[in-house]
Each structure stands twice: as C-alpha cells, then as structure tokens.
Amino acid sequence: MTAVRIDRLGTYFILCTFSLLALYPVLSILFLALHRKTDLVSGFAIPTRIDLSSFEAAWTEGHFATGFKSSFIVAGAVTAASAVLSIGTGYAFGTMRFVGDRIVFPIILLGIIFPYEATVIPLYYDFQDVPLLHWNLLNTYWALILPQIGQSVAFGTFWMRAFFRSTPRSLIEAARIDGASSFGVLWRVLLPQAMPAVLTMSVLVFTYTWNEFLLALVLVSGTESHQTAPLGLSFFAGASRATDPTKVAAAAVLVALPILLVYLFLQRHFVRGMLAGALKE
Amino acid sequence: MADEGADAARPGEQIPGAPRRRRRGPTRAPGDPRNIGWLYVLPGLAFYVLFTLAPLLHTVYYSLFDWDGLTAKTWVGLANYGEALHDSVLRDSFVHSAILIVYYAVFPVIIGLVLTAALTRSVIRGFRFFRTVLFLPQLIAGVVIAQAWTWIYATEGPLNRFLELIGLGSLARPWLGDFTWALPSIGAIGSWVTFGLCMVLFIAGVQKIPTSLYDAARVDGAGPVREFFAVTLPGLRAEILVAFVLTTINALRSFDIVYNTTAGGPGGSTLVPSMYMYQNAFLYNRVGYAAAIATVLAIAIFLLAAVVLRIGDRGEHQ
Amino acid sequence: MNRRLLGVLFLVAFTLLAAVTAGAYAGRQATTTTLTMWSYDNQDPGLEPVLKQLSKDFEKSHPGVKINVVFKSFTDLVGTVPRALASGSGPDVTEGNQGYQTDAQLVKAKLILPLTKYIKKYKWDKLYAPSTWGMFRWTPDGKSFGKGPVWGIAQTGQNVVAFINRKKLIAAGINPNKLPRTYAGWERMLARLRAKLPADDPVIEAGNKSGYGFIHIFGGIWGAYVQPQSVRNWVYHVPGSRYDSAGTIKALGRLQAWAKAGYFNDDYNAVQEDAAAGVFAKGKGAMWIGGDWDSTIIKEGLGAKNIVVTPIPPGPGGQWASIGGLSGPWHISAKTKYPDLGAEWLNYVITSTRAKALMFSQQQIPSDKSAKAPAGDAYLGQVSKAFQQVANDDGLLLYTDWASPSMYTTLQNQFQLLLAGRQTPAGMAKAVQDDWAKFDKTLR
C-alpha cells in the first residue's frame, strides 16, 4: 500500500513541478506588470498590492488599440477564409479520388514543415509592386492576410481530411443515393458533424496568426496604423524596456491575453481536437 | 439527415413524380474517382501555391543575383552560394541551430514521455487541469515569451534571485549577455515552449495502445518502468516521430525568440540562420545573398525532415 | 453545442467590432492633415518631451494640422525606415543615420529629398560650421560620403563624455575639481578608483547590449592615440585610410586592459547603454561614459551638484577628442505629400527660440552653434562645455559604424569578443578593416 502511495505522490510531484514551470514565466511578467514604474522590482516580485497603472500606460503609449484592431482583423479574416478553403480541400482529399490527388496532397502536407522565413523576401518585393497589377500592398491588411491564408491551408487540409476520412462511408453513400450532389453531401450531412473539428482548427489558426511576428515586421512595420499587437510589443519593448520594465511586462500580458482567454474558454476543444487529429494519422 | 429506408430507389430506378435524376454513367459511390474533387481543392491550392510555393521558387531566383533591393539587380549565378560555403558566420549559425535542436526536440520529447507516463498510468485527479496548464506555452506569442524570459534571465531577475536563495549565488550571471550561456539560455526557452506539444501528442498516442498489451506485461511481472519501455515506448513510435519532426523544424526556424531576446548576440553567439538572413536582406542590403541563405535553410529543413522520417520508417521495419 | 457556439460568436463579434472601429477611425482621419515623424531620441527621456511639446505648439499655430511623433529604439528605427519610406505609406519626416548603412541607402534609392531649397529658404547654413555639413552630404548615387548636396539636418550636438559621481571621487581621495588633464593621469585615476571602491561596485557602469556602448566608450581612448582627422577620413572612405594603425591597436589594447582590470560591471552585455545610465543614476558605479543625450536621467538620479562631466582627456597630442558629432539626421521623405510643411516643422524644432529653450531645459545641446546655454544651470554648463571642448579642438570622431552597412554588427561583435578576452586587439583591427575594405571595393 505504501509503495503505491509513494508512487502516486511521486506522480503528482512531477506533474505539479512541471505545471509550475509551465506557468511561471507567465506569472512572473504578470507580477512584474502589477507594479508601478517607481517600485524597484527585483527577483520574484510578488506584488503586495495590485496596481494597474502600468497596464494603462502600456495600452496608451504602446498604441495597442490600433495593434489589437489590426491583429483581430487579420487573424479573423485568415481564420474565416482558411476554414472555408480547408473544409473544401479536406472534403475532397478525405472522401474522393481524383486525378493527381496522390501527388497534390503530399505537396500540401509539405506546408506543415515549410520554412516560411525563406519566403518573406519575395513576399516583400511582390507586395511592394504586385506583378502585372502594379499595386503597392505594403502596410495594408492584405499583405498579412493573403500569405497567412496560404500558410494555414496546409495545416487546415491535413486537419479536415483526417476528420472527413473518419466519417462512416455509409453516411455519404446514403446521401448520394438519395441524389445529393457532392456539395449537398458536404453541406447537409458532413458539415454539422464537422463543427468540433472546424472549431478546433479555427482556434489553432487564429492563435498562430495572432502570434505571427516576422511577416508583420517585414510587411507592415512602416506605419503604426496597421501594426499587429505582437509587432507593437516588440517596438514598445525596444523603446521602453530600459526605462520602465513594468510597462513592457504589462504590454506583454495584454498581447497574450486574448489567446489565453479563448484557450481557457474552449480548452476542451483545443486539446480534444488535437488528440482526435493526431489519432487519425 | 435523410432516412428514406424503404422508399429509397434502387440505383437506376426512377420514382414517378420525382425530378429526373441526371445520370453520368454508372452511379458513383464516394471514394470512387470523382474529378469534381478538383473544384474543391483548387481555391485552397491556389492560395497555397501563390503565397507559399511560388515565393520559395522566387527566393531561389533572387539568390542568383547581387542586389541591394532598391536599385537594379546584377546576375552572379551561383556566386552567392560560393560565398555562403566559405562564410564562417553562416556555418556558426547552423551549428547554433544544431545545438538548439537538442533543447527544442530531444529534451522536450523526453520530458513529454515522462509526463505522459505520469498522467496516463492511473486515474489522475485534475487531469484536465494539468493538461491545460502544460500545453499553455505553445499558445503564447514568441514576442511575449521573449519579454517574460528576458525578465527571468535579468541580472536582478527571478533566476538569479532563486540561485542566491538556495545558496548557489556564485552561479548568478547575466545569462543572455554571457558568451557561453546565452545560447543554452535560449535553448531552455525552447524546451519550455515545446514540451507541452510533445506531451499532448503522446497522450493521444497512448490512448491507442490496447490495454491487453499492458495486461500481458503485468502478468509477466513487469513493474512500471519495464511496462514503459516494453509497451508504451514502442507503441508511441509514430507520435515520437511526428514530435521530432515538428520540434526540430521549430529549432531551425526560431526567429521570433532570438530577435526579441539577444538579436544574435553577444558576439554572434546566438545567431541563427533565419536571423542572419534577415540581417542580410534588410539591414546590410544584400538581398541576393540573403536569398541564398534562405534557400540553404529551406534545403536543410526539408532534408532534416526527410532524414528523421527515414530513420523512423527504418526503425519500424526492424 | 452551446459553449462552442458561444466561442465562435465571441470570435466573430470581436472581428466585426474591430472592423467597424476601423471604419470609423479611418473616417475620422480624413478631415485633418496628419504628418508622421519618426525619431529615436527618446532615451531617458532625451528629446521626447521636447518634440512632443514643440509639436503641440506647431499644431496650435497651424489649425487643421496634426503632428504624430512616433518613437522607436535606434536599432528598430534604423532597421525598418528604408522599407517604411519605400512603401509610400511610411513617415513624412524621419531621422535616419549618417553613414553607409542607412543614409547612403536612402539617397541611392531616392527615398529622401535633398534639402538645398530649404537651406536657402530658412538660412540653415548659419547653423553649423561648413565642415560639419560634410556628414549630411552624399552624391546622388549614394557612393561618396561628404560630397554633394545636403540631405539631412540635425537637431542637437552630441558628444560622448564621462559623467562621474562626485561623492565616490571624494571617497577615493580624488579632488573632483582637479581631475587629470592627460590620458595617462586618467588611467591612474581609474586604477585608484578600482583600488578604493568596494569590490562589487564597478568603476565604469557600462551597457553594451545593443552594441553601441563600447563603440562610444572607446572613442575617448582612441582620441589619445590617433589623429581625429584620420578617423574621419576612414569614416568618409577617403582612399587609403586604415583602421588597423598602430595607434588604434594600442588603444584597443587599453580598452581590453580596462576590462581585464575589472573596471566594468559583469553584466554589460545584458544591459542597454541607456539602461546603464539609469543604473548609474541610482548610485551604482563611479562613472558612466556615454552620450550626453542621457544627461537628464543622470541629473534626476544623482542630483546636479553630485555630478562632474568631462570628456576623457587628451593624449600626448594634446587634442581633446571623443566619439560624437551631431544627433541623428532628419530627412524629408521623397514620397510625402507635404514636404514644405515638414520642412517648416523641422525649422521650428531646430532653430526657434522656444525649441532651444526647451532643449536646454532637458540638458540637450542645440546644434545651432550660436545657441547659448542659459546661465545659472551649472550642470548644463558642464555638459555644454564638454561638448565645446571637443568640438573646438576639432576632435569629434563621428560614429565609426557609419563606415559600412555591416560595420555596426562587425564592431558590436568584435568589441564583445575583445572585452571578453576572446579576441586580440590586432585581430579586431584586422576584422574591422576587412569589413571596410570589402565594402570600399564596391564604391570604386
């Protein structure tokens, strides 16, 4: 009995230690942010009183109203668009066979391990002077939205294909026999069941898009009006960390907050979806 | 959902009064060739090709020129690659990435396995809580992570305070400003970021392993450690492979965190290829050379993924 | 299903809200003329309050005009400004950086306007000595530095000097009113400070995280071993100039010796130069050697009476020298819709009486050589005198990172290696000269 008890204690100890390690960095900037500029903060910095002045300062001086607006627009658009596109591609690869599908699907899968950093150089010059159309799309939302849709389609296709492959063939057959077109099958039969998978995929795409930094640094750093929140944080930290670390910590907390809130709210779907996806492959 | 059981027409039959069904030859069942699939694939594929594959080819194109990005290009063929071969800074940056792979991939996989074993051997109270918390680092933006860890590693920050508290104050140092310790410090950040991902993958994988295997092992008198090595580990082969591929790729990319903590310093000791590419393209105005670096990086990433998958495949066939 | 639905609605609602806000925001912007200025002069707090106040004044006297001054760190601004200007939606007026990394690019790619007509209109040629204009001159192909039309104009004079904690001098038995007037004496003073200070208190609180910390500190040592003109020639790529002269190698050896003797704080690579000024202002270290643009925070921390300001004294040649010149050059974007308005703003923030008064109140030295520091501020008097000492001896060494697009990174890396004992002075001199030579070839 004691051996089992020790065994269980050991397990909880490991779990608690790593949980603390996972949380600590987030907690430490939160604690730092809850101080005032004039407090000489050092070490663990557990706040003795809650002071939100750094958050106010960070929000106004870091122009995060603009940053958040940009990030929401970009992440929202990318999520919506890539969801629609990935449902389509996932449906096709998951339930049909067509000429070339064996070649095209692995090419799309390549996108999951793709070195996106290697594409920012041409993206910059092509957005500065769009081929054939000669538009200048730098410092616009399009510059961030379009490439990220392309980047998310790879992951989205993988995800939705895994889901569609797991639906029983009989369901699809029955609907086809009733004369449903391919779209009808998708819309009326498969999609209602797919909502959890779509939701998980959407939340993940939203998160990755919200967190994107290099693309923003290269394509929209020219004007504050279209800066995303992470980019704004980087510039704000560069300009203010030396003089006021509490302000920068507050800004960092603000930038992470939306994703954390969505995660806590929907965490069951996040992880369940991930497990389901991984299981299929 | 349609359930027209008894009234369902048999293939080919017409129900009087029902709209005439278009017949395109023998009735098709899903999974059989349906070229309409292309219609669904095309839009997504178009975005993917236009904004991912095409730019990569374009990068290779740029790498054949000497260009400052603002004036005219000059054709130089493979000269940039020749320079890259002799560039010790580039070589060092790949060495740094290789070191980061140990921190981003090897440690997290091990930690992930340990945590999975702990979480799945018996019913754990608060399973959902632990799983939620341990996965959290994956979701935080690189820039935010950089701020948090810059504070932790600061001279007057929590890490040094902790060391002083446990009597190891002599080990306290400016971690991110130290020639020897800056890269491992960044590596530690990487381990922190990816261990949750590995854990989640492995937990999913463990649920696939039939309990009969565990029962058999127990009957043979295996303790928890033997169980792990004999049943769990082999059963997780596929997931471990996926985890390695994803995390090593992560190590090779790592731009956000490096840029926002050390920017490649001190003395270039934390420079990684993606950072070097950025410097050449946008600070030194050597776009052609930067494109060559980017191409080399892309090749390295694809090669690495192929190698890891190959090793995995071979292991399976043993 | 409810929770999921709620989550989706949550996301959708936010997106819609954001889009609507965007629309309203855009609508509101259309009625005023807005000019955007970029600057990195917000170190502790430097010119930030001055520029903000002056812009408010300007808005009052120009109804319908809004001035939006954006502050970024030096490395962030310099790293993003060429692309920002090229995009057409970047700043209207911005600081750049003299030298081959930034200004040469801006000129070559026709991203900024030559200032010739505005110099005539506002009589800016009275601001500086003729030779000072050299740092703003480029031939339109961006290859020749120091020749050709003028492309930029600077707001303040800048100089790297030592700010010394008076109390600590006295505690070490040194008379703050009789500081060494020679470089040799200076080194003896440092050794004495090291001997008398507690072991964990650095003699010089240094911050090199961004790489310019030691570029600055080195200037004072350098000036004792080389002719300032030779340094300027090297920066301007006069053919045949070299970095790896005997004098330079000796000077680098002295800097390395300072590090070996333990004069610097341990964590200099993890601290920014301006942050180090803040730390010094809170009482750490006997001195801080850096730009006089940080003078305000030091005054706020230690109190004006407790500070002695001096450049590092001259070597055997007798010439006062230090890294310095003028502040970052202001440029007018070639793509701005309001170049004349931008020039008018520049004229206001650089030459108006109000501007000079505000600059002095922040311990910044206006670049206008006719500006006189108001009497009664002893600290400001010291800072001003320190600048005059060097400027009058023609000892301003400019900033060596101007010498090539990659020189900043090369110097940053080499200084870090040198101070850690991982590089020899001769090795560093060679590495720097190699960078210069490689770039020099492309100019011929």
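Which residues in α3(B) meet residues in α10(B)? B:S97, B:L100, B:I101, B:Y104, B:A105, B:P108, B:V109 and B:G112 in α3(B) meet B:I240, B:A243, B:F244, B:T247, B:T248, B:N250, B:A251 and B:L252 in α10(B). Two residues are in contact if their C-beta atoms, placed from the backbone, lie within 7 Å. By class, this contact has 11 nonpolar, 5 polar and no charged residues; Ala, Val, Leu, Ile, Met, Phe, Trp, Tyr, Cys and Pro count as nonpolar, Asp, Glu, Lys and Arg as charged, and the others, Gly among them, as polar.

This is a predicted model, in which local features need pLDDT of at least 70 and side-chain atom pairs count only at pLDDT 80 or more, while totals for chains, interfaces and linings use all residues. Residues are numbered from 1 along each chain as its sequence is written, chains are lettered from A and ligands numbered from 1 in the order in which they are written.

Helix α3 of chain B covers residues 88–120 and helix α10 of chain B covers residues 237–253. Their axes come within 8 Å and cross at roughly 145° (lines fitted to C-alpha atoms, for helices over the stretch in contact, with angles from 0 to 180 degrees between N-to-C directions).

Chain B as a whole has 13 helices and 2 strands, which are DSSP runs numbered from the N terminus (helices H or I, at least four residues; strands E, at least two). Among contacts in chain B with a separation of 6 or more, 71% join residues 24 or more positions apart.

Chain B also touches chain A, with 82 residues from chain B and 82 residues from chain A in the contact. Helix α1 (residues 37–62) of chain B gives the largest share of chain B's side, 17 residues. That side has 57 nonpolar, 14 polar and 11 charged residues.
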